[in-house]
Amino acid sequence: MDVSDLHDNVQIEGDKVTGTLKYVKNFDKFEKGAEGNFLAIEVEEAKNGDTVTWELSDPEKKGKGTLNSKDYFLVSKIHDKTQTITITNGEAKKVLDLTGLTLSPSE
C-alpha cells in the first residue's frame with residue numbers, strides 16, 4: 001500500500017501534524033484485516049542511521065516500536081485526534097500533536 005492510499009496532504013510543522021487520514025480497509029501489512037485511519041511518516045533521523053523509538057498514546061494496536069535505517073517509516077493506527085506520538089532519539093524527544101488531522105469516516 002502506498003502512503004497516498006493512507007492519507008492526503010499530511011505535513012509536520014514543528015510538532016504539529018496536519019492533513020487528512022483516509023479510512024482504509026484490509027491494510028494487511030499493518031495487521032491482517034486492519035481497517036481505520038493510518039498515519040505513515042518517514043522519520044529522518046532513523047533514515048540517517050540513528051536508532052529511534054516511538055510510542056503512540058492510547059493505542060488500539062501496535063503502540064510502540066523501534067525504527068532504524070532499514071525500517072524508518074512509522075505507521076500508526078489513529079483512532080482519535082487527541083492521541084500523540086512521542087519520538088525519542090537518544091536524549092532528544094519530540095511529541096507530535098495530531099489535533100490538526102482530519103480522520104475520514106468509513107464509507
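Author: What follows is a set of questions and answers on rings, strands and a pocket. This is a predicted model, where local features need pLDDT of at least 70, side-chain atom pairs count only at pLDDT 80 or more, and totals for chains, interfaces and linings use all residues. Residues are numbered from 1 along each chain as its sequence is written, and side-chain values use heavy atoms, with hydrogens and water left out.

Reader: Why is the pair of F27 and F30 called stacked?

Author: Rings of Phe, Tyr and Trp (its six-membered ring) pair if their centres lie within 6.5 Å; planes under 30 degrees apart count as stacked, over 60 as edge-to-face and the rest as tilted. The structure holds 4 aromatic pairs. In one of them, the ring centres of F27 and F30 are 6.0 Å apart and the planes meet at 25 degrees, so this pair is stacked.

Reader: What makes F27 and F38 an edge-to-face pair?

Author: Their centres are 4.8 Å apart and the angle between the planes is 90 degrees, which makes the pair edge-to-face. F27, F30 and F38 form one aromatic cluster.

Reader: Which parts does the pair of F27 and F38 tie together?

Author: Strands (E, at least two residues) and helices (H or I, at least four) are DSSP runs, numbered from the N terminus. F27 is in the loop between β3 (23-24) and β4 (36-42), while F38 is in strand β4, so the pair links parts 11 residues apart in sequence.

Reader: Are F27 and F38 buried or exposed?

Author: Both F27 and F38 are buried, and F30 is buried too. Buried means under 20% relative accessible area, exposed over 50%, partly exposed in between (1.4 Å probe, protein chains only).

Reader: Why is G14 called exposed?

Author: G14 has a relative accessible area of 53%, so it is exposed. G14 is placed in the loop between β1 and β2 (16-21).

Reader: How do you know that K62 lies over the face of F30?

Author: A charge sits over a ring if NZ of Lys or CZ of Arg is within 6 Å of the ring centre and within 35 degrees of the ring normal. K62 is at 4.6 Å from the ring centre of F30 and is listed as lying over its face.

Reader: What makes β8 and β9 a pair of strands?

Author: Two strands pair if DSSP finds at least two bridges between them. Strands β8 (residues 84-89) and β9 (residues 92-103) have 6 bridges and run in the antiparallel sense. T88 stands opposite K93 in β9. β3 and β4 also pair in the antiparallel sense, over 2 bridges, with V24 opposite G36 in β4.

Reader: Why do β1 and β6 count as edges?

Author: An open sheet of 6 strands has the order β1-β2-β9-β8-β5-β6, with mixed pairing. β1 (7-13) and β6 (64-67) each have a single partner strand, so one side of each lacks a neighbour in the sheet. Another open sheet has 3 strands in the order β3-β4-β7, with antiparallel pairing. There β3 and β7 stand at the edges, because each has a single partner strand.

Reader: Which element gives the most to the lining of the largest pocket?

Author: β7 does, with 3 residues. The elements α1 (3-6), β6 and β7 (73-78) each supply at least two residues of that lining.
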